[in-house]
Number of protein chains: 4
Amino acid sequence: MCIIIRVVRIAVAGASGYAGGELLRLLLAHPSVEIGALTAGGNAGRRVGEFQPHLTPLADRVLGESTAEVLAGHDVVFLALPHGKSAEIAAQLGEGVLVVDCGADHRLADSVAWDRWYGGEHAGHWPYGLPELPGARDALRGTRRVAVPGCFPTVSSLALAPALAAGIVAPDVVVTAVTGTSGAGKSLKPHLLGAEVMGSLSAYGVGGVHRHTPEIAQNLSGVSGTPVRVSFTPVLAPLPRGILATCTAPLTGDGADAREVYEKAYAAEPFVRLLPEGQWPTTKATLGANTVQLQVAVDADAQRLVVVGAIDNLAKGTAGGAVQCMNIALGLPETTGLPTTGIAP
Amino acid sequence: MCIIIRVVRIAVAGASGYAGGELLRLLLAHPSVEIGALTAGGNAGRRVGEFQPHLTPLADRVLGESTAEVLAGHDVVFLALPHGKSAEIAAQLGEGVLVVDCGADHRLADSVAWDRWYGGEHAGHWPYGLPELPGARDALRGTRRVAVPGCFPTVSSLALAPALAAGIVAPDVVVTAVTGTSGAGKSLKPHLLGAEVMGSLSAYGVGGVHRHTPEIAQNLSGVSGTPVRVSFTPVLAPLPRGILATCTAPLTGDGADAREVYEKAYAAEPFVRLLPEGQWPTTKATLGANTVQLQVAVDADAQRLVVVGAIDNLAKGTAGGAVQCMNIALGLPETTGLPTTGIAP
Amino acid sequence: MCIIIRVVRIAVAGASGYAGGELLRLLLAHPSVEIGALTAGGNAGRRVGEFQPHLTPLADRVLGESTAEVLAGHDVVFLALPHGKSAEIAAQLGEGVLVVDCGADHRLADSVAWDRWYGGEHAGHWPYGLPELPGARDALRGTRRVAVPGCFPTVSSLALAPALAAGIVAPDVVVTAVTGTSGAGKSLKPHLLGAEVMGSLSAYGVGGVHRHTPEIAQNLSGVSGTPVRVSFTPVLAPLPRGILATCTAPLTGDGADAREVYEKAYAAEPFVRLLPEGQWPTTKATLGANTVQLQVAVDADAQRLVVVGAIDNLAKGTAGGAVQCMNIALGLPETTGLPTTGIAP
Amino acid sequence: MCIIIRVVRIAVAGASGYAGGELLRLLLAHPSVEIGALTAGGNAGRRVGEFQPHLTPLADRVLGESTAEVLAGHDVVFLALPHGKSAEIAAQLGEGVLVVDCGADHRLADSVAWDRWYGGEHAGHWPYGLPELPGARDALRGTRRVAVPGCFPTVSSLALAPALAAGIVAPDVVVTAVTGTSGAGKSLKPHLLGAEVMGSLSAYGVGGVHRHTPEIAQNLSGVSGTPVRVSFTPVLAPLPRGILATCTAPLTGDGADAREVYEKAYAAEPFVRLLPEGQWPTTKATLGANTVQLQVAVDADAQRLVVVGAIDNLAKGTAGGAVQCMNIALGLPETTGLPTTGIAP
């Protein structure tokens with residue numbers, strides 16, 4: 001057997017953070033990738049090994065500055081930066097470079113929504129990196145700009161989209177998503193200290209004020225063809241990685257075809273797994289993998305559909321999704337370099 | 001100052017389990033209690049210290065059999081037994097003994113619901129041990145039988161009752177409650193092993209099939225005067241103790257008076273704390289304490305009220321609630337021996 | 001029965017930190033204490049409830065400045081401050097005030113050791129607050145100055161002192177102590193983030209460089225009457241509280257009397273529990289309690305004695321030990337207000 | 001570039017357990033392996049997905065019986081069985097099959113030691129699967145039988161072997177190794193329940209009674225050419241995976257060449273990483289990877305060398321080591337299919 005391997009040269013901006021580290025973990029195992037510049041903000045000039053002790057092969061690489069000069073000259077540039085930073089860098093990189101933005105800048109299509117939720121000028125809308133949504137994969141083929149979805153929108157949208165598209169639920173959804181603490185990044189805030197989070201559960205962003213709310217609404221409204229009301233509450237739990245989203249919506253009928261709707265919607269998707277009846281999602285089954293686990297149930301008493309989804313917020317929820325989009329954009333097989341097995345226990 | 005201290009003699013059936021251990025931890029610090037017989041099922045004949053290494057003062061006590069003979073002769077008998085066991089023992093103990101049942105046998109008023117959710121003959125309905133519900137405290141004064149609520153119903157009912165009673169939400173609620181693993185007791189099941197639960201989140205009892213669902217519905221329907229639809233999903237998270245419940249319901253108006261409704265409802269309650277605006281519940285703040293932390297928010301976009309509640313499932317959710325009911329039933333000050341400070345971090 | 005209760009008025013400096021919070025949790029339950037001024041450094045002017053959400057009764061108290069002016073006028077002042085701060089404040093408070101210093105300033109007797117390990121001028125040596133060490137309790141009676149031991153020295157010294165005092169081991173000990181992360185306080189360091197510590201173990205201060213090393217050596221050398229060599233390594237583990245110390249030393253004989261040595265040493269100690277043979281210490285059994293759990297084993301192959309000790313680093317390891325010393329210094333019963341039951345599971 | 005890939009067909013006995021699951025996770029990503037029979041004991045007849053929800057590609061495979069009949073016809077058979085089971089199966093499989101035993105049966109060379117520590121008849125000694133030990137790799141080349149080391153002996157031996165081989169420490173070592181709970185397997189024991197282990201540390205097997213003690217002594221004695229005394233204490237910590245071993249021994253000189261000794265010993269080893277000075281091992285950096293992280297320190301006061309080692313007990317400590325040995329035995333490149341990057345955070 002003979003194989004011709006095409007290699008693309010990639011750079012990662014934000015390589016000292018959690019999303020950057022996960023991108024590098026996946027890209028180190030990607031057969032078509034050569035790792036080029038690794039850059040950071042305040043951590044520029046220091047060794048990768050100080051921040052990513054798990055990335056043994058990159059331990060002695062030195063972080064450069066996150067500037068367009070350093071990031072230029074690569075086929076693909078992954079941006080894992082705070083929001084507001086990516087538009088300018090992308091403009092300087094030129095249209096031929098594939099820019100995959102893990103930040104929020106280009107996720108929302110509506111500039112009014114952008115201003116309300118993030119504030120400031122809207123950087124515009126890029127092809128949205130959730131290929132499993134209807135129509136999304138086509139928009140990603142050949143693109144040179146990708147807006148990687150937020151972690152909560154990834155799992156919530158995939159959990160509810162089939163039911164809304166099929167019309168078996170009303171456009172009025174309630175999502176409570178429990179998350180590990182890496183979703184907040186390495187920001188040094190007291191409530192993220194180990195002593196605070198271990199042994200505790202806490203709510204935050206309650207009442208629809210989390211910035212992922214309009215992104216979920218945008219995705220679901222697009223799928224259903226009608227504005228969808230979204231009640232979204234995140235809960236912080238004591239684990240490093242993982243999101244388990246419990247998503248419910250009122251049934252429009254008896255829900256008898258709910259399972260069939262989901263089976264059809266995801267039959268051909270390599271990264272979405274509808275579990276056998278009786279088995280429920282666990283986040284650990286997706287640890288480090290680019291997979292989504294889903295299960296559906298009909299609650300006849302409450303007349304609601306309940307869909308539970310599990311992902312690894314850093315893998316399918318960020319870096320895995322980003323690599324999947326890179327594969328699509330570059331015309332590589334979509335599953336290249338992406339694990340479908342988690343690490344358990 | 002002179003104090004006359006009345007001492008009641010108590011027994012605990014199920015003293016080798018988690019609920020039994022927590023009862024004993026609280027009762028050891030209760031100034032009006034003398035600890036009598038401690039009994040168990042399969043663990044009878046063994047030392048308390050083998051099962052409850054944290055209860056130093058009781059380490060060398062030997063567990064008796066959980067029979068009416070051994071439990072007789074006490075003023076108060078706490079039952080922390082599997083469901084189906086308490087009715088017979090209570091009958092043998094006589095009407096003069098205060099029997100506080102931490103199990104499910106006497107929680108549901110409706111024998112049809114009992115048969116559907118638990119199966120078998122309904123043992124009848126005892127005064128329900130959630131004093132903060134309207135009317136409940138009066139029914140507990142002087143009683144000799146108490147049905148201690150389930151842990152999920154405790155926090156969910158207290159989170160939603162004021163809004164339903166005031167009519168500011170519609171009788172159609174969605175509750176997602178994240179829980180530590182001690183709620184499942186010491187049962188040796190693979191999914192409860194430390195290696196499985198640490199670093200993972202999982203759903204169970206999805207689709208309204210958890211046995212606490214009808215209990216929540218009973219409480220909320222009683223408060224609102226109309227049948228309340230309840231969509232309830234529990235989520236298992238990696239911590240030993242604590243429940244954080246996210247409870248939402250559609251607003252009937254604009255929700256402007258929501259905070260005032262909750263302030264009024266719980267102003268006089270010693271164990272329910274509505275947090276200041278901007279501060280959100282954390283379960284650790286309630287660890288080992290008999291307190292409920294609540295916060296409310298109005299989501300104008302989704303037109304829903306969101307109430308988040310936190311408790312320690314073994315304290316206010318089981319054993320603390322049980323001791324609180326004992327205090328009321330015996331005419332002791334309701335807060336006697338019950339901590340309102342948690343252990344943190 | 002009639003009781004005359006004497007009430008002492010206390011202040012806590014450093015009330016927004018972990019040690020300060022634990023002092024307040026214990027002092028709230030202490031029958032002879034009235035809580036006066038609560039002070040902080042950068043957090044002065046803010047509500048206690050922002051930092052200590054578990055201390056419901058103190059939620060609305062406002063933090064003052066940690067100055068002698070604010071702390072004056074109390075019978076007892078607890079200092080939970082960074083090292084280097086307490087000598088000056090103590091001097092200003094006057095000799096009549098009981099000052100209990102939870103910091104390191106007055107623990108070491110040797111000013112050369114102070115300079116080597118902490119640097120700067122030595123503030124002098126106060127009576128050492130580990131009453132269970134030979135002679136220590138007498139020095140604490142009536143004192144108006146107490147140096148509360150470090151958390152690692154507390155458990156390590158109690159684990160090894162009896163064997164060294166009895167001469168059944170050589171003065172050459174090896175201690176590996178695993179600790180929860182609250183021992184590092186609320187300092188915002190990346191390696192203390194929840195996402196970093198959960199699911200991981202790490203070493204730090206390896207090679208005898210941790211500042212608790214000379215304190216352990218001081219205690220053990222004092223007990224054995226000869227200089228004791230101490231190899232001490234701390235390990236960081238994913239739990240908020242608790243230290244488990246594995247302490248070994250070469251046997252001088254066959255160790256046949258090891259258990260008897262420990263039984264005699266601690267028979268009268270209310271807070272040290274030598275477990276029954278076959279039962280091993282767990283930190284959770286001491287959570288929130290002022291207890292030490294110990295167990296001893298003779299390893300005939302390795303010719304070493306192995307002693308394992310467990311404490312709660314914030315309770316017996318800091319705040320509980322501090323309150324115990326206050327009781328002794330003031331002539332109160334030593335166990336007043338100090339729990340001997342932990343919180344489990 | 002043209003590549004000829006040789007594929008070996010493997011079977012895993014014990015595929016429903018933790019070691020079996022980790023073997024399969026690694027083998028799924030191994031380019032030269034085809035997965036054949038998967039067998040179990042009591043779980044035979046059930047789907048892999050019930051026990052290994054993270055192994056999506058194998059979810060619908062059905063477990064066979066762990067008999068020689070089912071396991072026959074493969075190039076390589078991995079045995080992840082309770083001790084005492086492997087000798088008989090290996091005998092039936094024939095000498096041409098590579099049998100990699102993850103159990104203890106063939107680790108100890110000394111039948112007296114076997115009888116003392118495990119009891120019963122000694123099954124004999126197979127080539128020992130720790131290639132990084134002097135001489136071990138040669139014995140593994142071409143072998144058809146491999147005894148995979150225990151997890152504690154793996155990290156402890158690699159941490160101490162260079163110092164003993166170089167004679168810079170005396171043959172009298174003290175090891176305290178903290179471990180996650182997956183090392184105990186899926187056995188349903190109360191002390192392994194999540195509610196027990198989370199938030200707690202506990203000692204077990206204290207006093208040199210853990211069965212890995214003679215295996216460590218065997219390895220280190222072989223390296224040093226003289227009997228080595230081993231004091232070994234395991235500590236159970238709240239994480240699923242990972243071992244951090246603190247290993248100390250008395251210096252014979254001043255230890256000035258310690259770092260150089262370790263640099264030389266492991267310069268060519270692909271899976272052993274001596275960290276840069278100032279950086280300390282963390283288990284999470286090795287999660288899911290076949291790597292060992294080491295760091296050394298000289299404690300001049302205590303006159304001891306301190307070596308800290310970190311591994312993933314299921315990866316390098318069991319399944320990764322097993323695959324590494326398979327690679328060597330079959331003449332494949334030793335690193336084939338084995339990750340050197342961990343999953344963090």
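Pro345(A) sits in the segment that follows α11 (315-330) of chain A, where helices (H or I, at least four residues) and strands (E, at least two) are DSSP runs numbered from the N terminus. Gln303(B) belongs to the loop between β12 (292-299) and β13 (304-311) of chain B. For context, most residues other than glycine have a negative phi, and most peptide bonds are trans.

A quick word on the ground rules. This is a predicted model, in which local features need pLDDT of at least 70 and side-chain atom pairs count only at pLDDT 80 or more, while totals for chains, interfaces and linings use all residues. Residues are numbered from 1 along each chain as its sequence is written, chains are lettered from A and ligands numbered from 1 in the order in which they are written, and side-chain values use heavy atoms, leaving out hydrogens and water.

Now for the sheet in chain A. Seven strands form an open sheet with mixed pairing, in the order β8-β9-β7-β10-β13-β12-β11; two strands pair if DSSP finds at least two bridges between them. Its edge strands, each pairing on one side only, are β8 (202-203) and β11 (272-274) of chain A. Three bridges link β11(A) to β12 (residues 292-299) of chain A in the parallel sense, and Val272(A) stands opposite Val292(A) of β12(A). Helix α9 (residues 212-224) of chain A lies across β7 (172-179) and β9 (229-236) of chain A, at about 135° to β9(A). Helix α10 (residues 258-266) of chain A lies across β11, β12 and β13 (304-311) of chain A, at about 160° to β12(A). These angles run from 0 to 180 degrees between N-to-C directions, with axes being lines fitted to C-alpha atoms, for helices over the stretch in contact.

On to helix packing. The axes of α7 (residues 151-166) of chain A and α10(A) are 9 Å apart and meet at an angle of about 110°. That makes α7(A) roughly perpendicular to α10(A) (under 35 degrees is roughly parallel, over 145 roughly antiparallel, 65 to 115 roughly perpendicular and the rest oblique). The contact (heavy atoms within 4.5 Å) involves residues including Leu158(A) and Pro162(A) of α7(A), and Val261(A) and Tyr262(A) of α10(A). In chain B, α1 (residues 18-28) packs on α11 (residues 315-330) at about 50°, with the axes 9 Å apart, so α1(B) and α11(B) are oblique to each other.

Finally, the interfaces. Chain B puts 47 residues in contact with 46 residues of chain A, and the area buried between them is about 3,600 Å², 60% of which comes from carbon and sulfur atoms. Buried area is the accessible area (1.4 Å probe) that two parts lose on being put together, summed over both. Leu201(B), Val206(B) and Lys284(B) supply 16% of what chain B buries against chain A, more than any other three residues. Chains A and C contribute 18 residues each to their contact and bury about 1,400 Å² between them, 72% on carbon and sulfur atoms. Here Leu188(A), Leu193(A) and Met198(A) provide 44% of the area that chain A buries against chain C, more than any other three residues.
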